[in-house]
Amino acid sequence: MKIAVVGAGIVGATAAYYLSKEKDCQLTVFDHGQGQATKAAAGIISPWFSKRRNKAWYKMARLGADFYQELIANLQTDGWDSSFYKQTGVYLLKRDPSKLAELKDLASKRREESPLIGQLEILNQAQVAKRLPDLQGFDQLLYASGGARVEGANLTQTLLRASGCQVVKAKVSLQVLADGTYLIEGQTFDQVLLATGAWLPNLLQPLGYQVDVRPQKGQLRDYYFTDFATEALPVVMPEGELDIIPFKEGQISVGASHENNQGYDLTPDPQALQGLEKEAQTYLPILAQAKQYRERVGTRAYTSDFSPFYGQVPGLTGVFAASGLGSSGLTTGPLIAKELVNLLVGRRGQLDIQDYSIEKYISKN
């Protein structure tokens, strides 16, 4: 069976990896190479503190966090480096410290079904200083040992290499042929997986579909130090959009912005980045001593109700799609990809697909 994966972000790359393990599967991946949210993403895997009322989203997010253990084990068994993922723990800060006990209680209850949360503690400044002495701007914070950080670009690169598949760099279109197959870049395919994120409307609208997906611009800044041991430091999550994410080799990522009405613009905005930096320095002043920095800009995909979806595109047998992952893409993306692969090969997955119905977001004109 000839299968095309369009888009090599978190969903497409994970799907390619697992499809490569299927028998009788000839796989080609297409990727334009611009604007991909995953390449510009430094992610935090810590969904257990969300107070979103959408139970289906939370189930996907918590199972997505759990799924990383399977994904990492699979890659390691295949001989691939998995240092893009590390459970360093997470520090959660609240403007009102009295809310920390409430948050700890919520996480304690959720730990019964998600043991990955790990140890939960409310720590004071002196206790935090033993591990991250430069952190300030709080009296107390909540620590969860199971929180993890993910470097999106390294993750997708590893998955694509591990899949061994051909990656064609091209901006493609999708054509339906009379025999029920699909034409992409002069090649015919039996099945197609559309993992193009915010660009999904661009592929489906020419075929007469309405797609409830909009782009959102996200920017972050990576800071680099030569004398600051960062690899084992916890992720810092203040309230609001800001996250401070330490990686290995002296890198600390700060972001990301959430900018609507920017279309697919990938131009770095110094004002937005400086705003993030100013806020981050109130918690971690040492950022001002970074030897160098660089910016990353990507485009997230959101639906009108902020919910992700996946499934077979209505009216197109053998064409599957996922989108709307928003800022939780690195948490939910690998699991969604595995669910799509299960659909494609006729296996039962972990999720109830009706909770993430594609028909709600994609319809024929």
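Which residues of α3 are buried?

The model is predicted: local features need pLDDT of at least 70, side-chain atom pairs count only at pLDDT 80 or more, and totals for chains, interfaces and linings use all residues. Residues are numbered from 1 along each chain as its sequence is written, and side-chain values use heavy atoms, with hydrogens and water left out.

**Figure 1. Helix α3 and its buried face.** In α3, the residues Leu100, Leu103, Ala107 and Arg110 are buried; buried means under 20% relative accessible area, exposed over 50%, and partly exposed in between (1.4 Å probe, protein chains only). Seen down the axis of α3, the buried residues fall within an arc of 85°, so they line one face of the helix. This arc is that of the directions from the helix axis to the C-beta atoms. The cover over these buried residues includes α2 (55–77), β5 (90–92), β6 (120–124) and β7 (140–144). Helices (H or I, at least four residues) and strands (E, at least two) are DSSP runs, numbered from the N terminus. Helix α3 has 12 residues (99–110) and should span 16 Å at 1.5 Å a residue; its end C-alpha atoms are 17 Å apart, which agrees. The expected span is 1.5 Å times one less than the number of residues.

**Figure 2. The nonpolar cores.** The largest nonpolar core has 70 residues, and those with the most contacts inside it are Phe49, Tyr68, Leu71 and Leu155. Helix α2 gives the most to this core, with 12 residues. A second, separate core of 29 residues includes Ala4, Val6, Tyr182 and Val211. A nonpolar core is a set of buried Ala, Val, Leu, Ile, Met, Phe, Trp, Tyr and Cys residues joined through side-chain atoms within 4.5 Å. In soluble globular proteins, nonpolar side chains tend to be buried together.

**Figure 3. The surroundings of Phe49.** Leaving aside neighbours within four places in sequence, Phe49 is in contact (heavy atoms within 4.5 Å) with Val90, Leu92, Leu103, Leu106, Ala107, Arg110, Leu120, Leu142 and Ala144.

**Figure 4. The six-stranded sheet.** Six strands form an open sheet in the order β9-β2-β1-β13-β21-β20, with mixed pairing. The edge strands are β9 (166–169) and β20, each of which pairs on one side only. Two strands pair if DSSP finds at least two bridges between them. Strands β1 (residues 2–6) and β2 (residues 26–31) pair in the parallel sense over five bridges, and Ala4 has Thr28 as its bridge partner in β2.

**Figure 5. Strand β21 and its partners.** Five of the five residues of β21 (residues 319–323) are buried, so this strand is largely enclosed by the rest of the structure. Val319, Ala321 and Ser323 are buried on one side, and Phe320 and Ala322 on the other. Strand β13 (residues 191–194) runs parallel to β21 and is joined to it by three bridges; Leu194 stands opposite Ala321. Strand β20 (residues 309–312) runs antiparallel to β21, with four bridges, and Phe309 stands opposite Ser323. Between β20 and β21, which form a hairpin, there are six residues; Gly315 in the turn has a positive phi of about 85°.

**Figure 6. The three-stranded sheet.** An open sheet of three strands has the order β10-β11-β12 and antiparallel pairing. Its edge strands are β10 (175–176) and β12 (187–189). Two bridges join β10 to β11 (residues 182–184), and Val176 has Tyr182 as its bridge partner in β11.
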